[in-house]
Amino acid sequence: EMEDYGNAERALQDAYTLDPDDAQTSAYLAWSIYKNPGNQRSQGALDKCRMLLSKSLQAERNADAFAFRGWMLLDEGREGLAEGEFLKALKLNPHQPHAQGGMRLIKERREAEKKGLFKRIFG
């Protein structure tokens, strides 16, 4: 929450080492790796994030992992797949903040596209 992803990554890596089967720890470790600015251009870090999120979801279907995977897909420009992940997260936890934010962003983008389309047609 404080966006100190480097320290969060280290702390979560320690927790993951102690209990690698905890779904929540796997999901949050993946998210901290993904959001850490030092890992932005690293394909290895991205692959590790995907692996950790998959492992998390295999252990337990949890809203956080679905929401985090949704943001990764949204950042890749795969809006339809991201929306599906956000909806899965919201089905498990209707108050999941990352999923709510992702759905809000998708809705805003679609409304902006509609406005742009109408402007081109009627403008």
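Predicted model: local features only at pLDDT ≥ 70, side-chain atom pairs only at ≥ 80, totals over all residues.

Biologist: What box do the C-alpha atoms fill?
Modeller: The box is taken along the principal axes. For the C-alpha atoms of this chain, its dimensions are roughly 60 × 30 × 25 Å.

Biologist: Are α1 and α2 roughly parallel or roughly antiparallel to each other?
Modeller: Helix α1 covers residues 5-18 and helix α2 covers residues 23-35. Their axes come within 9 Å and cross at roughly 150°. Angles over 145 degrees count as roughly antiparallel. So α1 and α2 are roughly antiparallel.

Biologist: Which residues of α2 make the contact with α1?
Modeller: The crossing of these two helices is left-handed. From α1, the contact takes Tyr5, Ala8, Glu9, Leu12, Gln13, Ala15 and Tyr16. From α2, it takes Thr25, Ser26, Tyr28, Leu29, Ser32, Ile33 and Lys35.

Biologist: How many residues of that contact of α1 with α2 are nonpolar?
Modeller: The contact includes 4 polar and 2 charged residues. The nonpolar ones number 8.

Biologist: How do α2 and α3 run, roughly parallel or roughly antiparallel?
Modeller: Their axes come within 8 Å and cross at roughly 160°. The cut-off for roughly antiparallel is over 145 degrees. That is why α2 and α3 count as roughly antiparallel.

Biologist: What is the handedness of the crossing where α2 passes α3, and which residues of α3 make the contact?
Modeller: The crossing is left-handed. α2 brings Ala23, Ser26, Ala27, Leu29, Ala30, Ile33 and Tyr34. α3 brings Ala45, Leu46, Lys48, Cys49, Leu52, Leu53, Ser56 and Ala59.

Biologist: Are α4 and α5 roughly parallel or roughly antiparallel?
Modeller: Helix α5 covers residues 79-92. It packs on α4 at an angle of about 165°, with the axes 8 Å apart. The crossing is left-handed. The angle therefore makes α4 and α5 roughly antiparallel.

Biologist: Which residues of α5 meet α4, and how many residues in that contact are charged?
Modeller: On the α4 side are Ala63, Phe66, Ala67, Arg69, Gly70, Trp71, Leu73 and Leu74. They meet Glu79, Leu81, Ala82, Glu85, Phe86, Lys88, Ala89 and Leu92 in α5. By class, the contact has 11 nonpolar residues and 1 polar, and the charged ones number 4.

Biologist: What volume does the second largest pocket have, and which residues are the closest to its centre?
Modeller: The volume is about 250 Å³. The pocket is lined by 16 residues. The closest to its centre are Tyr34, Asn39, Gln40, Arg41 and Leu46.

Biologist: Which helix gives the most to the lining of the second largest pocket?
Modeller: The lining divides into 7 nonpolar, 5 polar and 4 charged residues. α2, α3 (43-59) and α4 (63-75) each supply at least two residues. The most, 4 residues, come from α3.

Terms used: Residues numbered from 1 in each chain as written. Heavy atoms only, no water. Axes fitted to C-alpha atoms, helices over the stretch in contact; angles between N-to-C directions. Parallel < 35°, antiparallel > 145°, perpendicular 65-115°, else oblique. Left-handed = near helix turned anticlockwise from the far one by under 90°. Contact = heavy atoms within 4.5 Å. Nonpolar A, V, L, I, M, F, W, Y, C, P; charged D, E, K, R; others polar. 1 Å grid on protein atoms, 1.4 Å probe; cavity = no way out; pocket = protein on both sides within 12 Å on 5 of 7 lines; lining within 4 Å. Points joined across faces, edges and corners; volume = space filled by probe spheres on them.
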